[in-house]
Amino acid sequence: MSVKRKKLILAIALIFAVNLFIIALAQSADAALYKRGSSGATVTQIQTRLKSWGYYNYTIDGIYGSRTENAVKYFQRKNGLAVDGQAGDKTLAAMGIYEQQSSSANSGDVYLLARLISAEARGEPYVGQVAVGAVVINRIDHPSFPNSLSGVIYQSGAFSCLDDGQFNQPISDSAYRAAREALNGSDPSGGAIYYFNPATATSSWIWSRPLLTVIGSHRFCA
């Protein structure tokens, strides 16, 4: 083989390798990943949300150190995620934090609300699933509740499915459809901010809430 041909092959191989490297960099840039050593506004969001939910009890400084890493591990362990201490796409979505890319916020909201609906209203009629999603949306705008989707869902004691493991079960297709419908403004609950199943309710207080409608096994209340 001539020297010229060898140089040509080497040049082609080098170009191919460079292209692969560029593609790999682009793919890694598309996937959000925050870990020890990261810093910035998203890390501040992570710390703020973890602190509001009781996973992180230190200063919110926007620096992803060992304390933030341990808090993320705690959150991952409690929410059925891979426990690696790194805030990748799935962990960020579970926290309700979405990178600003091509409607990812909307898809993240659908995912989080669908997981809640599937856990809380599995086996309920479809309209009842939409109503459960609507209750979450109604709470966001109510002064007695957190003002974000993730804040409402992860509020301590708000939904039993986060404590009994149902939240981590596979999401039904109907729950995704119901989540989209609720996010688009459908509200079969009539503006409810509470719902409960009278067959399993253990709180006498919930019975004092004004009844708005009954759908399936759930009573929806103001």
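Reader: Which residues does Gln 129 touch, leaving out residues up to four places away in sequence?
Author: They are Ile 117, Ala 121, Glu 124, Ser 172, Ser 174, Ala 175 and Ala 178. Each counts as a contact in the sense of heavy atoms within 4.5 Å. Bear in mind that this is a predicted model, where local features need pLDDT of at least 70, side-chain atom pairs count only at pLDDT 80 or more, and totals for chains, interfaces and linings use all residues. Residues are numbered from 1 along each chain as its sequence is written, and side-chain values use heavy atoms, with hydrogens and water left out.

Reader: Why is Gln 129 called buried?
Author: Buried means under 20% relative accessible area, against over 50% for exposed and partly exposed in between, with a 1.4 Å probe and protein chains only. Gln 129 has 6% relative accessibility, so it counts as buried. Its place is in helix 6, where a helix is a DSSP run of H or I with at least four residues, a strand is a run of E with at least two, and numbering goes from the N terminus.

Reader: What makes the link between Gln 129 and Ser 174 a polar contact?
Author: The term asks for a pair of N or O atoms within 3.5 Å; within protein, one must be able to donate a hydrogen and the other to accept it, and residues adjacent in sequence count only if both atoms are side-chain atoms. The side chains of Gln 129 and Ser 174 are joined at 3.0 Å, so the pair qualifies.

Reader: Ser 174 belongs to helix 9. How do you know that the buried residues of this helix line one face?
Author: In helix 9 (residues 173-183), the buried residues are Ser 174, Ala 175, Ala 178, Ala 179 and Ala 182. Viewed down the helix axis, they fall within an arc of 140 degrees, so they line one face; the arc is taken over the directions from the helix axis to the C-beta atoms. After helix 9 comes Gly 185, with a positive phi near 110 degrees.

Reader: What makes strands 4 and 5 a pair?
Author: Pairing requires at least two bridges found by DSSP. Strand 4 and strand 5 have 4 bridges, in the antiparallel sense, so they pass. One of the bridges links Leu 211 to Cys 221 in strand 5. The two strands form a hairpin with 2 residues between them, and Gly 216 in the turn has a positive phi of about 60 degrees.

Reader: And which strands make up the sheet, in what order?
Author: It is an open antiparallel sheet of 3 strands, ordered 3-5-4. Strand 3 (194-196) and strand 4 (211-215) are the edges, each pairing on one side only. The average twist from one strand to the next is 20 degrees. Strand 3 pairs with strand 5 (residues 218-221) over 3 antiparallel bridges, and Tyr 195 has Phe 220 as its bridge partner.

Reader: Is Tyr 194 buried or exposed?
Author: Buried: 16% relative accessibility puts Tyr 194 in that class. Tyr 194 sits in strand 3, and its C-alpha atom is 5.8 Å from that of Phe 220, 26 residues apart along the chain.

Methods
Axes are lines fitted to C-alpha atoms, for helices over the stretch in contact, and angles run from 0 to 180 degrees between N-to-C directions.
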